[in-house]
Amino acid sequence: MKNISTDELNEQFKVLTLENALKQLVDIFDGQKIVFSSSLGQEDQVITDAIFKHNLPIQVFTLDTQRLFKETEALITETEQKYQKNIVRYTPNKTAVQDYISTEGLNGFYESIEKRKKCCYIRKIEPLNRALKGAHIWITGIRQEQSEFRKNMSLFEYDAERDLMKFNPLLAWSTEQLWQAIKTNEIPFNPLHQKGYPSIGCEPCTRAIKPGEDERAGRWWWENQDQTKQECGLHIPLKKEKLNG
Ligand code: SF4
């Protein structure tokens, strides 16, 4: 294990292919817990393919909010069967969900941003925090093209709140590159992508987008279209610091 800064990592990894980047990551952070959060979107499927095909010691997990599209649920099973690997499902706390439904209603999140954030906390953030417990590296499928908000992100970012390093290996990938990789490697993908859903979250909170709209415009579409409000809190602005790697 050696001392390495986010700037050094960003410099070193910017020239690597996805597969080499993941292998290098495993090498540098040997013995550390590396996890990958997948929402089964096209980006995540490309990363999952690289991890599973090369048998890399990286845990692939998903947040099963129990409000997912049936297509997403089917894709989890299809992906596990194709690679003969397990995608770990983190589900929300049952009591917290019941309390939310009792006080706000099943779809209370349509009524205000506060109620939406409360639902996202119960169904996503708290399970995510559980999934990231003890993790040193968190891999994500974030791309700069997805939204204005994500344009300012870096390959590696230190998450001070969770005290871990985030790695966004597809950050600079174009949509064309992504689909070429899916086609070339015959990677299973969500059929909703072909019906106008570039970004897929929970079923009641995701709609298809119109031509020219931001990729994340279909998420929580009824709210003010401030970019930061199209994030559920999983990917907040982060500080760059040094980390033992
Ligand atoms: S995306 Fe919608 S249903 Fe899913 S956790 Fe957030 S508010 Fe709840």
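Predicted model: local features only at pLDDT ≥ 70, side-chain atom pairs only at ≥ 80, totals over all residues.
Reader: What does the radius of gyration say about a compact globule?
Author: The two agree. A compact globule of 245 residues would have a radius of gyration near 18 Å, and the protein chain has 18 Å.

Reader: What share of the residues counts as buried?
Author: 35% of the 245 residues.

Reader: Now contacts. Take pairs at least 6 apart in sequence. What share joins residues at least 24 apart?
Author: That share is 73% in the protein chain.

Reader: On to α3. Where is it, and how many residues does it have?
Author: Helix α3 covers residues 42-53, so to speak a run of 12 residues. From first C-alpha to last it reaches 16 Å, close to the 16 Å expected at 1.5 Å a residue.

Reader: Why call α3 largely enclosed?
Author: Because 10 of its 12 residues are buried, the rest of the structure largely encloses it. Among the buried ones are Gln42, Glu43, Asp44 and Asp49, along with Val46, Ile47 and Ile51.

Reader: Which elements do those buried residues pack against?
Author: Helices α2 (18-28), α4 (70-83) and α7 (175-184), plus strands β2 (34-37), β3 (59-63) and β5 (137-139).

Reader: What follows α3?
Author: Asn55 does, with a positive phi near 50 degrees.

Reader: Switch to the largest nonpolar core. How many residues, and which have the most contacts inside it?
Author: This core has 35 residues, and Val35, Ile137 and Ile139 have the most contacts inside it. Elements giving two or more residues to the core include β2, β3, α6 (113-132) and β7 (164-167). Helix α3 gives the most, with 4 residues.

Reader: Zoom in on Ile139. What does it touch, leaving out residues up to four places away in sequence?
Author: Ile139 touches Ile34, Val35, Phe36, Ile47, Ile58, Phe167 and Pro169.

Reader: What lies apart from that core?
Author: Another core of 8 residues, among them Leu68, Tyr100, Cys119 and Cys205.

Reader: Last topic, the ligand. How many residues surround it, and which are closest?
Author: 13 residues surround the ligand. Cys119, Cys120, Arg123, Cys202 and Cys205 are the closest. Cys119 and Cys205 also belong to the 8-residue core.

Reader: How does that shell split by class?
Author: The shell has 7 nonpolar, 2 polar and 4 charged residues.

Note on methods:
Residues numbered from 1 in each chain as written. Expected span 1.5 Å × (residues − 1). Buried ≥ 20, exposed ≤ 12 C-beta atoms within 10 Å, placed from the backbone. Contact = placed C-beta atoms within 7 Å. Core = buried A, V, L, I, M, F, W, Y, C linked by C-beta atoms within 7 Å. Rg over C-alpha atoms; globule rule 2.2 N^0.38 Å. Near = placed C-beta within 6 Å. Nonpolar A, V, L, I, M, F, W, Y, C, P; charged D, E, K, R; others polar.
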